[in-house]
Amino acid sequence: MIIITSIKEMQQYTLSAKKKEQSIGFVPTMGYLHEGHLTLMKQARGENDLVVVSIFVNPLQFGPNEDFDSYPRDFERDRALAQNNGIDVLFCPSTDEMYPNDMSIKTYVTSRVDVLCGKKRSGHFDGVVTVLLKLFTIIQPDRAYFGLKDAQQVAVVDGLINDFNFPIKLVPVDIVREEDGLAKSSRNVNLTESERVEATRLYESLKLSKEAIQAGERDTSKIEELIKNHLSSNTSGEIDYVEIYSYPELKPLQFLSGKIIIAIAVKFTKARLIDNITFVV
């Protein structure tokens, strides 16, 4: 594995790979790698000649109340994990390397961001697409891997790739779960013992909703109510949202049809958990 910190060197590596007709799989991260990232890496490793992982804590996607400076960082740990998972290149540019000057052109996401978590994080996805525009241009991957844990981000990236005609295949990777169904997250350690037991009800409520739909229910309000009742009766957490949309368009549906996402967020004492399922009705 090689470590690259300059854009010019990364572009040279990309050019060399293209000349050899080697396919490039790309996993963008902000570091502090966890099992979800490793799952993306493993899939990329099996589908490409070369795998590039970026580690860049992007300041543009942090809001005014989100502390960029306190975001967890552990480069040596990340380096070892990437190397142990067969990564070819770890691209780790500095903030000054990625943003040497104020941007003269700014990007704004105009759809798929006013729902779910995005409606409370104004400007977040503008920062996401800005850095991805740069990373996609620098690395020129054939495939880009994103986890469906953040299904809204996957939807925004889908729009970015299609709108700007990137010759990139978006590869959404299923949520990695614990044996009891809880979506794996670094936030899970902040749950109390009783909350950890209750947290399994999130995925349970999503499965119940899918079963109801498969049994013929098509009214979104009734499905949402089913989930809310299950969560309220079985957890001490505060329901942040229960929402159903078309996917990846993230448009509201009165009656269900086509590919949909059912997404939930629940606030516990010291952790806010999200989960979702996507499927075709």
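Arginine 112 counts as buried, its relative accessibility being 17%. In this predicted model, the residue lies in the loop between α4 (95–98) and α5. Although arginine 112 is not a glycine, its phi is positive, at about 70 degrees. Most residues other than glycine have a negative phi, and most peptide bonds are trans.

A positive phi is also found at leucine 250, a residue other than glycine, where the value is near 55 degrees. Leucine 250 belongs to the loop between β7 and β8 and is buried, with a relative accessible area of 4%. The loop between β7 (238–246) and β8 (259–267) also holds proline 248. The peptide bond that leads from tyrosine 247 into proline 248 is cis, and its omega is near 10 degrees.

Aromatic side chains were examined next. With ring centres required to lie within 6.5 Å, the count comes to 4 aromatic pairs. In one of them, the ring centres of phenylalanine 62 and tyrosine 71 are 5.8 Å apart and the ring planes stand at 85 degrees, so the pair is edge-to-face. Phenylalanine 62 is buried, with a relative accessible area of 18%, whereas tyrosine 71 is partly exposed, at 25%.

An edge-to-face arrangement is also assigned to phenylalanine 136 and phenylalanine 166, because their ring centres are separated by 5.4 Å and their planes meet at 75 degrees. This pair links distant parts of the chain, the two residues being 30 residues apart. Phenylalanine 136 is in helix α5 (residues 124–139), while phenylalanine 166 is in the loop between α6 (151–163) and β6 (169–173). Both phenylalanine 136 and phenylalanine 166 are buried. Together with Phe26, Phe136 and Phe166 form one aromatic cluster.

Aromatic rings also face charged groups. The charged end of arginine 77 sits over the ring of tyrosine 32, at 5.2 Å from the ring centre. For arginine 177, the charged end sits over the ring of tyrosine 203, and the distance to the ring centre is 3.6 Å.

Helix α8 (residues 200–214) comprises 15 residues. From its first C-alpha to its last, helix α8 reaches 22 Å, a span close to the 21 Å expected at 1.5 Å a residue. Its buried residues are Thr200, Leu202, Ser205, Leu206, Ser209 and Ile213. Helix α8 is followed by glycine 216, which has a positive phi near 120 degrees.

Within helix α8, serine 205 is buried, with a relative accessible area of 1%. When neighbours within four places in sequence are left aside, serine 205 is in contact with Ile227, His230, Leu231 and Ile264.

Key
Residues numbered from 1 in each chain as written. Predicted model: local features only at pLDDT ≥ 70, side-chain atom pairs only at ≥ 80, totals over all residues. Heavy atoms only, no water. Phe/Tyr/Trp six-rings, centres within 6.5 Å; stacked < 30°, edge-to-face > 60°. Buried < 20%, exposed > 50% of the residue type's maximum accessible area, 1.4 Å probe, protein only. Helix = DSSP H or I, 4+ residues; strand = E, 2+ residues; numbered from the N terminus. Lys NZ or Arg CZ within 6 Å of the ring centre and 35° of its normal. Expected span 1.5 Å × (residues − 1). Contact = heavy atoms within 4.5 Å.
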